[in-house]
Amino acid sequence: MPNTKTVVPFRGTKEQEAKLHEVIAKHKNQPGATMPVLQEVQAIYGYLPEEVQIMVAEGLGIPLTEVYGIASFYSQFALNPKGEYQVSVCMGTACYVKGAGAVLDRVCEVLDCQPGSITKDGRFSLEATRCIGACGLAPVMTINDDVYGRLKPEDVDDILKKYM
Amino acid sequence: MNFARSHILVCGGTGCTSSQSPKIMEEFEVQLAKRGLSDEAKVILTGCFGLCALGPIVVVYPEGAFYSNVKVSDVAEIVEEHILKGRIVERLLYHEKKSNEIVHSLNDTEFYKKQKRIALRNCGVINPENIDEYIAFDGYQALATCLTERTPQEVIDIISASGLRGRGGAGFPTGTKWSFAAREKGPVKYVCCNADEGDPGAFMDRSVLEGDPHSVIEAMAIAGYAIGASQGYIYVRAEYPIAVKRLQIAIDQAKEYGFLGEHIFDTDFSFDLEIRLGAGAFVCGEETALMTSIEGHRGEPRPRPPYPAVKGLFGKPTILNNVETLANIPWILQNGPEKFAEMGTEKSKGTKVFALGGKITNTGLVEIPMGTTLREIVEDIGGGVPNGKKFKAAQTGGPSGGCIPASLIDTPIDYESLAQIGSMMGSGGLIIMDEDNCMVDIARFFLDFTVDESCGKCAPCRIGTRRLREILDKIVSGKGTMEDLDLLEELCYHLKSNSLCALGQTAPNPVLSTLRYFRDEYEAHVKEHRCPAGVCKALLHYVIDPEKCKGCTACSRVCPVDAISGEVKKAHVIDTDKCIKCGACIEKCRFDAIKKQ
């Protein structure tokens with residue numbers, strides 16, 4: 001669930017904070033600035049912890065509830081940090097009818113974690129994503145920028161091993 | 001200007017990029033340079049060709065040779081044989097699946113023959129990152145003609161006369177939409193483009209944006225002129241990085257050439273464009289939710305009326321058109337509305353792009369004249385269902401649409417006939433299913449999606465979708481009753497009539513259409529606790545056929561929970577209480593002795 005508070009302590013740096021204020025200054029007078037600001041700020045920190053949301057709310061002069069409301073509404077915004085490797089199994093319709101469910105099950109078993117969460121060592125985070133539009137390669141899985149297509153459950157072990 | 005004697009077109013669509021087409025392009029440059037051919041042959045990265053199943057795709061002109069499934073290691077051979085010696089590499093040409101004939105040119109394939117490319121006219125033809133190529137294909141001429149020779153009303157009249165209807169799914173006449181916004185008082189109005197393609201399994205809009213971004217930009221400027229707007233927004237999914245990048249390049253180039261900005265073509269008309277990124281909320285494809293999202297809020301829909309044409313983005317008159325709708329506009333203005341209206345059926349004119357996927361040989365992007373039958377798409381263009389399986393149903397319209405059974409395969413595809421059989425045109429996802437797909441499971445899959453994506457603003461959708469899924473969960477686990485089926489149907493009609501926006505109003509469609517055409521499957525789950533397609537895990541049992549089992553022990557060794565027992569060279573047995581139905585034994589058995597029942 002995106003609207004759970006993270007247990008990972010905040011480790012933001014001064015440099016990141018300076019960048020955040022640059023972003024806010026750039027967008028401040030633009031109509032509808034909150035979303036573009038949060039998107040760019042997430043690119044700086046990798047996620048949107050409470051501390052960062054407070055800085056955004058104060059910077060834009062809007063209530064924290066509004067910032068949190070937006071951050072928790074859209075699935076692209078993460079309130080938890082991501083793993084070193086982000087594993088995404090596409091669960092779009094084309095992938096689903098070609099057996100993406102079984103691929104996801106196998107990934108869960110191998111990584112011992114559920115979709116939407118992160119492994120205990122923090123190295124892998126797993127998502128069951130919406131259609132990524134590579135339906136010609138269904139079923140598809142991505143690990144960071146690498147794309148694996150036409151998968152069978154038994155391919156999963158070897159692929160994940162490369163990153164372990 | 002240098003003229004190259006050969007042009008090597010490499011597909012840079014998402015599918016082919018995922019199978020390493022950028023590396024293939026680099027390799028072409030390297031191999032050409034090695035032979036001193038860099039000036040004679042030009043390598044061009046294009047948008048999607050459409051036949052994604054055979055990617056990566058390379059087409060070499062002037063011959064039009066169509067190479068499919070190209071690997072980096074094949075590049076040297078193509079350069080050496082084809083480019084240097086002029087001999088086409090037959091080995092890599094496309095083979096027709098049915099006749100096994102070698103096809104030399106793209107347009108001769110069964111896949112392309114029945115297609116008519118209007119919205120996709122430049123995809124796979126031009127380099128989307130070079131505005132000069134778009135201009136060479138008559139790009140921005142329609143805009144120039146509109147601004148210098150036509151009044152805004154004349155532009156609207158042409159669009160109305162063409163019969164173009166919204167390609168995002170609902171099919172509202174585009175000319176009428178524009179005339180509503182044109183009637184409103186300015187001075188501030190907006191033109192928005194809906195590129196928040198959320199239907200899982202659809203990638204038409206993405207391919208247009210990746211393959212021909214300028215056609216969308218040109219159309220938005222024309223729309224701005226027609227309704228009197230000077231600012232446009234393109235709301236595009238952040239999940240489409242290639243599309244966003246190319247769109248930004250295209251906007252920058254258009255500004256540089258003076259096709260966007262102040263006093264376009266030295267007229268009084270000014271128009272500017274901005275990209276806004278979506279953040280992964282399906283409901284933002286709904287027009288009022290999309291506008292709320294651009295305004296910087298949670299993307300929740302608003303009640304209509306007032307319609308966006310009267311009070312839309314930031315409270316100002318706004319039109320919102322889908323990517324594919326816009327891609328048609330320059331073509332209509334260039335070729336005349338009559339030519340567009342010649343294609344299609346009585347009420348649905350022109351063509352429609354579909355993302356063909358699922359259990360079909362030629363997965364990819366197809367553009368067909370309205371009125372083409374589903375059979376033509378599946379059997380001729382799509383090359384049929386692979387692995388000798390039987391066609392069971394086609395799903396159109398994604399989570400808002402329905403399933404079309406095999407008995408209705410001769411239905412002509414247009415807005416009215418699809419609505420009549422309980423599905424909808426939708427944005428263009430077309431997923432083919434075979435006998436191995438369980439229709440109750442598919443209905444549950446879509447409900448899962450809508451439960452997740454319901455924004456929560458109105459109770460019928462927020463609560464109703466959850467209750468629907470609970471009933472379906474009961475049925476797929478074999479605990480459903482016949483009363484549940486009636487309840488399911490009743491609840492569906494409540495959602496349809498009481499939800500605030502199209503998401504909730506159409507969410508029951510996958511359930512209703514499968515109940516209508518595949519009621520026997522629902523009943524098999526309820527009455528016999530059996531899943532006819534062998535998909536629903538809770539209802540499955542794995543059994544070993546003692547006649548076929550050779551006692552090789554492969555299955556018992558692979559079983560993760562030691563549920564299989566038996567002596568060597570004697571028939572084995574599965575303990576169904578222990579079995580977790582992982583399917584590992586089926587994969588391992590070389591004698592086809594294990595069955596799902």
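A residue counts as buried when its relative accessible area is under 20%. By that cut-off, buried residues make up 49% of the 164 residues in chain A of this predicted model.

Start with chain A as a whole. Its secondary structure comes to 7 helices and 5 strands. Read from the N terminus, the elements run α-α-α-α-β-α-α-β-β-β-β-α. The C-alpha trace spans about 50 × 30 × 25 Å along its principal axes. Take the contacts in chain A between residues at least 6 apart in sequence: 61% of them join residues at least 24 apart.

Now zoom in on one residue. Ser88(A) sits in strand E1 of chain A, which covers residues 85-90. Is Ser88(A) buried or exposed? Its relative accessibility is 15%, so Ser88(A) counts as buried. What does Ser88(A) touch, leaving aside residues up to four places away in sequence? The partners are Glu127(A), Thr129(A), Val140(A), Met141(A) and Thr142(A).

Next comes chain B. Its domain assignment gives five entries: domain 1 (6-113), domain 2 (131-340), domain 3 (351-434), domain 4 (439-527) and domain 5 (541-596). Taken over C-alpha atoms, the centres of domain 3 of chain B and domain 5 of chain B are 38 Å apart.

The two chains meet at an interface. Here, 35 residues of chain A are in contact with 49 residues of chain B. Interface size is often given as the accessible area lost when the parts come together. Between chain A and chain B, the buried area is about 3,200 Å². Carbon and sulfur atoms give 55% of that area.

Polar and charged pairs also cross this interface. Between chain A and chain B, 22 residue pairs are in polar contact, counting pairs with both residues at pLDDT 80 or more. The rule finds 3 salt bridges across the interface of chain A and chain B. One of them links Lys537(B) to Asp105(A). The closest N and O atoms of Lys537(B) and Asp105(A) are 3.3 Å apart.

Which elements of chain A give two or more residues to the side that touches chain B? They are helix H2 (34-45), helix H4 (64-73) and helix H5 (93-97) of chain A. H4(A) supplies the largest share of that side, 5 residues. By class, the side of chain A that touches chain B holds 17 nonpolar, 12 polar and 6 charged residues.

Conventions. Residues are numbered from 1 along each chain as its sequence is written. Chains are lettered from A and ligands numbered from 1 in the order in which they are written. This is a predicted model: local features need pLDDT of at least 70, side-chain atom pairs count only at pLDDT 80 or more; totals for chains, interfaces and linings use all residues. Side-chain values use heavy atoms; hydrogens and water are left out. Helices (H or I, at least four residues) and strands (E, at least two) are DSSP runs, numbered from the N terminus. Buried means under 20% relative accessible area, exposed over 50%, partly exposed in between (1.4 Å probe, protein chains only). Contact means heavy atoms within 4.5 Å. Buried area is the accessible area (1.4 Å probe) that two parts lose on being put together, summed over both. A salt bridge is a side-chain nitrogen of Lys or Arg within 4 Å of a carboxyl oxygen of Asp or Glu. A polar contact is a pair of N or O atoms within 3.5 Å; within protein, one must be able to donate a hydrogen and the other to accept it, and residues adjacent in sequence count only if both atoms are side-chain atoms. Ala, Val, Leu, Ile, Met, Phe, Trp, Tyr, Cys and Pro count as nonpolar, Asp, Glu, Lys and Arg as charged, and the others, Gly among them, as polar. Domain bounds come from an automatic or database domain assignment.
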